[in-house]
Amino acid sequence: MFKNTKNDYLGWMFFIGMIILVMEILFFNSGLIFSLIISGGMIFLGRKRAGKKMGKILFIGGIIFFVLSILHMMTFKFLLLAILLHFFIQFINSKKHPKKITPEINQAEEPSQQETMIRTEPLFENIVLGQQKTPMGAYKWNDVNIQAGIGDTIIDLSFTMLPKGETVIFIRNLIGNIQILVPYDIEVSIQHSCIVGSTTVFEHHDSKLFNRVLHLKTPGYETAEHKVKIFTSLVVGNLEVSRI
């Protein structure tokens with residue numbers, strides 16, 4: 001029962017938050033979208049000109065402008081209030097319904113056979129800042145599932161042997177570029193979401209993306225013996241998938 005009440009509470013908080021966000025954009029802070037677009041553009045141009053002084057100024061200024069825009073939102077303040085209220089309700093419920101610890105006496109049973117789990121080393125780790133890329137020489141493949149903050153991710157599939165069936169690459173990134181190099185005999189499916197940026201997938205190019213979701217795949221993907229399914233998401237940045 002408490003679980004259902006908690007789910008209802010979270011659902012109502014999300015619903016009210018969406019209403020406040022819409023009202024803020026339409027009535028109280030109509031320049032919010034403009035501010036976010038400007039800050040996103042500054043970050044994007046700063047990444048394009050990363051080697052120049054002006055590029056660094058634009059990049060840092062865009063991040064500061066973006067953070068200040070978020071902090072001044074009524075929705076952000078409501079989110080903080082909702083989090084505090086959530087912990088307060090949890091505290092009150094814990095006082096009303098304290099956990100009782102009762103001893104349990106288990107009869108001796110035959111030891112059950114434990115299932116063996118095999119741990120493998122991932123190719124990448126979750127990072128907040130920096131670039132990650134696959135080795136320049138031969139390496140053993142493991143499916144990729146990572147989250148990154150600010151930085152680039154480069155995956156070259158020509159230096160590894162992909163297993164039969166479907167290989168999965170899952171990358172969630174805030175700000176940066178994602179580049180994936182695929183051999184010619186590998187079929188590809190791509191699902192990409194982006195707030196501000198561009199995509200180049202083989203011959204398909206979108207130079208100006210704003211709050212878009214793209215689904216693309218090669219014609220022979222469904223029946224291919226070796227294929228790669230790519231899931232990527234970016235707040236600001238570019239996706240490039242090319243043959244090698």
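Visitor: Leaving aside neighbours within four places in sequence, which residues is Thr232 in contact with?

Guide: In this predicted model, Thr232 belongs to strand β8, which covers residues 226-243. Beyond its neighbours within four places in sequence, its contacts are Ile171, Ile178, Gln191, His192, Ser193 and Leu239.

Visitor: Is Thr232 buried or exposed?

Guide: A residue counts as buried when its relative accessible area is under 20%. The value for Thr232 is 4%, so this residue is buried.

Visitor: What is the bridge partner of Asn145 in β5?

Guide: Strand β5 spans residues 165-182 and pairs with β3 in the parallel sense, over six bridges. Within β5, the partner of Asn145 is Phe170.

Visitor: Which residues touch the most other members of the largest nonpolar core?

Guide: This core holds 25 residues. Elements giving two or more residues to the core are β3, β5, β6 (187-201), β7 (204-217) and β8. The members that touch the most others are Ile155, Leu157 and Ile169.

Visitor: Not counting residues up to four places away in sequence, what does Ile169 touch?

Guide: Ile169 is one of the residues with the most contacts to other members of the largest nonpolar core. Apart from residues up to four places away in sequence, Ile169 touches Trp141, Val144, Ile155, Leu157, Ile180, Val228, Lys229, Ile230 and Phe231.

Methods
Residues are numbered from 1 along each chain as its sequence is written. This is a predicted model: local features need pLDDT of at least 70, side-chain atom pairs count only at pLDDT 80 or more; totals for chains, interfaces and linings use all residues. Side-chain values use heavy atoms; hydrogens and water are left out. Helices (H or I, at least four residues) and strands (E, at least two) are DSSP runs, numbered from the N terminus. Buried means under 20% relative accessible area, exposed over 50%, partly exposed in between (1.4 Å probe, protein chains only). Contact means heavy atoms within 4.5 Å. Two strands pair if DSSP finds at least two bridges between them. A nonpolar core is a set of buried Ala, Val, Leu, Ile, Met, Phe, Trp, Tyr and Cys residues joined through side-chain atoms within 4.5 Å.
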